[in-house]
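Please work through the following exercises with the sequence and the model at hand. Each task is followed by a solution in steps.

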Amino acid sequence: MTHHAEPTPYPACSANPVDVTNEKRSFVSGETVYYGMYGRDWQPGQVFSFTITQPNGVVWANFSYTRPANFQQFASVYYYNFAPLPNPAQTGIWRFKVSTLGSTFETVFNVSTTAPYTSTTSLCAGGNTELVAMNGGQNATYQWQRNGVNIPGLGATNERYAATQAGTYRVATTMNAISNTSDALIISTISSLYTLKNGSWSDPAVWSCNRVPVSTDPVTVNHAVTVPADYLGNAQWVNFSVGGSLLYNAGGRLRLGP
């Protein structure tokens, strides 16, 4: 996990103990990030290797931790280290990995310049985009939100939610009476179809949204696309980008307009 301050997962004994994870997944340039790992039954002398990778794939930092030889084994153990991000830092998704005994574990965090990280994606009409809450837990509860309002229904209280509308989405995760709200994901609706590769106009795999255009679809051709022989294609209108072209086989036609 990544944190904005030292995690304290072992609270004092009380009737209702609460872990204070101080979890954070969105940072800005120059901010200090606490990198934590959690496990059980660590062995004396066991070595853990940390790697922090920038969005461009270049390793920014690495360090290691060796479990002291005189430490006992415990059912639950944690360790953390911290370091300030560069200023300015590369913006985007950073990766934090821990490797030990042949296994590697990874989480991601976001870095922006001055504001919370916001990601974007697009949604095909009639389709859905699956959203997944990260870093929950066995006893975590979830509430998905759209445009700042809780989405009704049982489906919006699961770890995964299938979004079918454009909007700004977040998920509020509650565990041990502590709630955290995720960064924003802005989903927009695809207003026109566009080609993804060279191929046949009649092949759904050539088109975004994995379907062939109909008469109400504006279309952008980015590749070399062939209209098959004796085939009638449809589109509202066609725009060509650099490198886009249409080749008509014998009897192939394209009808424009609704």
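The exercises below treat aromatic pairs, a disulfide and nonpolar cores.

The model is predicted: local features need pLDDT of at least 70, side-chain atom pairs count only at pLDDT 80 or more, and totals for chains, interfaces and linings use all residues. Residues are numbered from 1 along each chain as its sequence is written, and side-chain values use heavy atoms, with hydrogens and water left out.

**Exercise 1.** Classify the aromatic pair of Phe 50 and Phe 63, and state where in the chain each ring lies.

Solution.
1. Rings of Phe, Tyr and Trp (its six-membered ring) pair if their centres lie within 6.5 Å; planes under 30 degrees apart count as stacked, over 60 as edge-to-face and the rest as tilted.
2. This rule gives a count of 17 aromatic pairs.
3. In the pair of Phe 50 and Phe 63, the centres are 4.5 Å apart and the planes make an angle of 20°, so the pair is stacked.
4. Phe 50 belongs to strand 4 (residues 47-53) and Phe 63 to strand 5 (residues 59-66); the two are 13 residues apart. Strands are DSSP runs (E, at least two residues), numbered from the N terminus.
5. Buried means under 20% relative accessible area, exposed over 50%, and partly exposed in between (1.4 Å probe, protein chains only). Phe 50, at 1%, is buried, whereas Phe 63, at 23%, is partly exposed.
6. Both rings belong to one aromatic cluster, which also includes Trp 42, Trp 60 and Tyr 79.

**Exercise 2.** Locate the disulfide and determine its handedness.

Solution.
1. The criterion is a pair of cysteine sulfur atoms within 2.5 Å, and the count comes to 1 disulfide.
2. Cys 124 is joined to Cys 209, with an S to S distance of 1.9 Å.
3. The torsion about the S-S bond is about -95°, so the disulfide is left-handed.
4. Cys 124 lies in the loop between strand 9 (118-123) and strand 10 (129-132), and Cys 209 in the loop between strand 18 (199-200) and strand 19 (218-221); the bond therefore ties together parts 85 residues apart in sequence.
5. Cys 124, at 22% relative accessibility, is partly exposed, and so is Cys 209, at 25%.

**Exercise 3.** Which residues have the most contacts inside the largest nonpolar core?

Solution.
1. A nonpolar core is a set of buried Ala, Val, Leu, Ile, Met, Phe, Trp, Tyr and Cys residues joined through side-chain atoms within 4.5 Å.
2. The largest core has 18 residues, and Met 37, Phe 50, Leu 85 and Phe 109 have the most contacts inside it.
3. Elements giving two or more residues to this core include strand 3 (32-39) and strand 8 (103-112).
4. Apart from this core lies another, of 14 residues, among them Ala 133 and Ile 151.

How values were computed
Helices (H or I, at least four residues) and strands (E, at least two) are DSSP runs, numbered from the N terminus.
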